[in-house]
Amino acid sequence: MSSLKVVCYGVRPNEVPFFNKLNTYGFDLNLVEPLLNHDNVETAEGMDAVILRGNCLADRQNIEKFAKYGVKYLFTRTVGFNHIDLQAAADYDMLVARVPSYSPNAIAELALTLGMMLLRHTAYTTSKTSRYDFRVDSTMFSKEVRNCTVGIIGTGRIGLTEAKLYKGLGAKVLGYDVFQSDAAKEVVTFKELDDVIAESDIISLHIPYFPGKNENFINSGFLSKVKPGAILINTARGELQDNSAILEALESNQLSGFGTDVFAKEATIFFKKFDAENQLPDSTVKALVDLYPRVLVTPHIGSNTDEALSNMIETSYENLHEVLTTGKVTNKVDLPTKRL
C-alpha cells in the first residue's frame, strides 16, 4: 500500500506541508502546482491514482491518457465533480470518488465577510484611505447588521452555519429551502422564496447547481423582487447567477452591492492575471469587476482555509485507503454505463 503512486494537481505552495503531514498511509506523492491541463497530463505517467481539485481538466482526452499511463483511481478533493468527464471515466474503467463535505465554516465565513464589507462599505473606505484620503463621506454611512434582515437561500450545512453567524451578530435571519431541517428551524424563520427576497437587506446563496435545472437562478425576475438597495452574495456556484442581470440591477441601484466567489466557466478567468495585453475574456464579468468596490470578487477561495484543506486532503487519502483495503469506496461517484 505504501508504494501507491499518487499525483495531485493544483497543489499551491502553502498546501504542500498539509499534503505531506497528512500522508499517514505513506503514499508516494507527486505534488503538481498547476491545474491539470492538456500540457501537463504526462506527469501522471506511471501513477496509480490522481487527485484533482476544482477546475482541473479531466476531459476525455486526458482520461484516455490516464488509462494509457496505468491510472486506476480518478479522485477529486472537491464536493463537485463537473470537471470530470464521467462517461469517459466509465469507458476507461476509472473509479471516481469525491469529498462529500468539508468545513462549512470556510464558505460561511467568506460569505459573511463579503456581506459585512459591502454593508459597512469597508472596501470603499479603505480604498480611499489607501490613497491618503481620510475624509468621511455619505457613502460610508451604514445600517448596523442587528437592524438588518439576512436571507439565506439554501440552509444546508453551509447556509445554516452562516445563519448562525449572522444571528450571533443580532440580525434577523430568514431562510428558504425545499427541505426545512429541524436544526435550521431553530435558527432561521422559513418563508417563501419571494418573501425572503423582498424582505432581506443581505441575500446569501447556498444552493447546489443542477445542470439543466437551475442555471441563472438569480435572473432579472429574481432581482426585480429584491428589496431596493439589497446586497447579494454568491459563494455557491457561478452557473446560478445571470451576470448581465446582476450588472443591470447594480447599474439601476436595485442592488447596492454584489459579492461573489464564483463565476460560470471560471477556469477561463480565475487563477490568471489579466492586463492591457492579455485582457479579461468576458466583457460582462469585466464590467462587474470594474464596479469595485460595489462589487467584490474573490477567485474561488471559499475552501482555502486550514480546516477545509485538511478535511479535503484527509478524506481523499481515506478514499484511497478504503478502496485499497476493501475494494470499495464510500464516497464513490456513480458513473454512466460503459460505452466502449
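Q: Where is Lys-265 found?
A: This is a predicted model. Lys-265 is in the loop between strand S11 (255-260) and helix H11.

Q: What is its phi, positive or negative?
A: Lys-265 has a positive phi of about 50 degrees, and it is not a glycine. Most residues other than glycine have a negative phi.

Q: Is Lys-265 buried or exposed?
A: Lys-265 is exposed, at 68% relative accessible area.

Q: And His-300, what about its phi?
A: His-300 also is not a glycine and has a positive phi of about 50 degrees. His-300 sits in the loop between strand S12 and helix H12 (306-326). With 26% relative accessibility, His-300 counts as partly exposed.

Q: Which peptide bond is cis?
A: The bond from Tyr-292 to Pro-293, with omega near 10 degrees. Most peptide bonds are trans. Pro-293 is in the loop between helix H11 (283-289) and strand S12 (295-297).

Q: Changing topic. How many salt bridges are there in the whole structure?
A: The search finds 14. Side chains of opposite charge can pair when their charged atoms come close.

Q: Take Glu-15. Which residue does it form a salt bridge with?
A: Arg-77, with the closest N and O atoms 3.1 Å apart. Glu-15 is in the loop between strand S1 (5-9) and helix H1 (16-21), and Arg-77 is in the loop between strand S4 (73-76) and helix H3 (86-91), so the pair ties together parts 62 residues apart in sequence.

Q: Are those two buried or exposed?
A: Glu-15 counts as buried at 1% relative accessibility. Arg-77 is buried too, with a relative accessible area of 1%.

Q: What does Asp-201 meet in a salt bridge?
A: The side chain of Lys-143, at 3.4 Å from N to O. Asp-201 lies in the loop between helix H8 (193-199) and strand S9 (202-205), while Lys-143 lies in the loop between helix H5 (122-129) and strand S6 (149-153), so this pair ties together parts that are 58 residues apart in sequence.

Q: Why does Asp-201 count as buried?
A: Because its relative accessibility is 13%, and buried means under 20%. Lys-143 is partly exposed, at 37%.

Q: And Asp-194, which side chain does that meet?
A: Lys-225, in a salt bridge of 3.3 Å, N to O. This pair links distant parts of the chain, 31 residues apart: Asp-194 is in helix H8, and Lys-225 is in the loop between helix H9 (220-224) and strand S10 (230-234). Asp-194 is partly exposed at 39% relative accessible area, and Lys-225 counts as partly exposed at 40%.

Q: Which residues are linked in a network of salt bridges?
A: Lys-128, Asp-133, Arg-135 and Asp-137.

Q: Now the overall fold. How many helices and strands?
A: The protein chain has twelve helices and twelve strands. Its radius of gyration is 22 Å, close to the 20 Å that the globule rule gives for 340 residues, so the chain is as compact as a globular protein of that length.

Q: What box do the C-alpha atoms fill?
A: Roughly 65 × 55 × 40 Å along the principal axes.

Q: How much of the chain counts as buried?
A: 48% of the 340 residues. The accessible surface comes to about 16,400 Å², and 51% of that belongs to carbon and sulfur atoms.

Q: Last one: how far apart are the mean positions of the positive and negative charges?
A: They are 2 Å apart, for 35 positive and 42 negative charges.

How values were computed: Residues numbered from 1 in each chain as written. Predicted model: local features only at pLDDT ≥ 70, side-chain atom pairs only at ≥ 80, totals over all residues. Heavy atoms only, no water. Helix = DSSP H or I, 4+ residues; strand = E, 2+ residues; numbered from the N terminus. Rg over C-alpha atoms; globule rule 2.2 N^0.38 Å. Buried < 20%, exposed > 50% of the residue type's maximum accessible area, 1.4 Å probe, protein only. Areas by Shrake-Rupley, 256 points an atom, 1.4 Å probe, with all protein chains shown as cover. Lys, Arg positive; Asp, Glu negative; His and termini not counted. Charge placed at Lys NZ, Arg CZ, Asp CG, Glu CD. Salt bridge = Lys/Arg side-chain N within 4 Å of Asp/Glu carboxyl O.
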